[in-house]
Amino acid sequence: MNSLDMNRVCRKDISIALSPQEKELFSILLQANSELQLHSTLRVAGGWVRDKILGMHSHDIDIAIDNMTGYEFVERLPSWLASRGYSTSNIGKIRANPDKSKHLETATIRINDSSIDFVNLRKEEYNDQSRIPTISIGTPLEDAYRRDLTINSLFYNINTNTIEDYTMRGVDDLRDRIARTPLPPLETFQEDPLRLLRTVRF
């Protein structure tokens with residue numbers, strides 16, 4: 001991984017247009033984060049960011065948490081939301097399924113009319129005996145580099161209202177219509193061969 005140029009990581013030259021529903025949702029999450037003293041940095045990850053930069057609408061909001069698991073964050077929300085009059089749902093849990101290349105448990109909850117998935121930023125370590133990685137809480141940099149393509153490794157930092165491009169190539173590759181892996185292609189595809197199919201689709 002290259003040394004970070006934070007001017008290229010935090011893309012203040014790129015902005016996205018949030019819908020009123022998205023603005024309300026992110027405001028609610030920031031308020032909960034503050035009042036519950038969770039001290040989390042909330043980032044929307046992956047496809048939603050890519051699509052919003054392209055000016056497309058997306059319902060696929062995946063929130064990546066930096067200091068706890070997605071479930072640990074979400075389990076604190078229902079009583080807080082109810083006490084403030086927001087409609088919500090029971091917490092759903094989508095368990096990891098490595099055989100289908102889903103290596104991390106996901107927590108999901110509905111806030112008002114939006115369904116949101118929560119996971120933690122993650123670091124994946126593979127060994128020669130298995131394509132199933134060992135998962136631990138990671139940094140944004142580690143999470144970005146373990147993704148399939150640079151255009152899917154972008155974050156929208158809700159706390160700072162900025163696009164983050166930790167590979168320093170995602171925004172440019174999106175503009176230039178390039179499908180590029182964050183790591184050397186052989187390494188990325190050997191770790192998870194199903195990424196080849198996603199690359200072909202893009």
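Q: Which residue in β6 is the bridge partner of A64?
A: Start with the terms: strands (E, at least two residues) and helices (H or I, at least four) are DSSP runs, numbered from the N terminus. Two strands pair if DSSP finds at least two bridges between them. Here, the partner of A64 in β6 is V119. This is a predicted model, where local features need pLDDT of at least 70, side-chain atom pairs count only at pLDDT 80 or more, and totals for chains, interfaces and linings use all residues. Residues are numbered from 1 along each chain as its sequence is written, and side-chain values use heavy atoms, with hydrogens and water left out.

Q: How many bridges join β3 to β6?
A: Strand β3 (residues 61-65) and β6 run parallel, joined by 5 bridges.

Q: In which sense do β5 and β6 pair, parallel or antiparallel?
A: Strand β5 (residues 106-111) pairs with β6 in the antiparallel sense, over 5 bridges. To find this pairing in the view, look for I109, which stands opposite I116 in β6.

Q: Is β6 mostly covered or mostly uncovered?
A: Buried means under 20% relative accessible area, exposed means over 50%, and partly exposed lies in between (1.4 Å probe, protein chains only). Strand β6 (residues 114-120) is mostly covered, with 5 of its 7 residues buried.

Q: What do β5 and β6 form, and what is the phi of N112 in the turn?
A: They form a hairpin with 2 residues between them. N112 has a phi near 55°, a positive value in a residue other than glycine. N112 is partly exposed, at 21% relative accessible area.

Q: Where is M168, and is M168 buried or exposed?
A: M168 sits in the loop between β10 (162-164) and α7 (170-176). Its phi is positive, about 60°, although M168 is not a glycine. M168 is buried, with a relative accessible area of 6%.

Q: How many cavities of 30 Å³ or more does the search find?
A: Rolling a probe the size of a water molecule over the atoms shows where empty space is left. On a 1 Å grid over the protein atoms alone, a cavity is a set of points where a 1.4 Å probe fits but cannot get out; lining residues have an atom within 4 Å of a point. Grid points are joined across faces, edges and corners, and a volume is the space filled by probe spheres set on the points. The search of the whole structure finds 1 such cavity.

Q: Which residues line the largest cavity?
A: The lining consists of Q21, E24, L25, I28, I111, N112 and S114. Helix α2 (residues 20-35) gives the most, with 4 residues.

Terms used
On a 1 Å grid over the protein atoms alone, a cavity is a set of points where a 1.4 Å probe fits but cannot get out, and a pocket is an open set with protein on both sides within 12 Å along at least five of seven lines; lining residues have an atom within 4 Å of a point.
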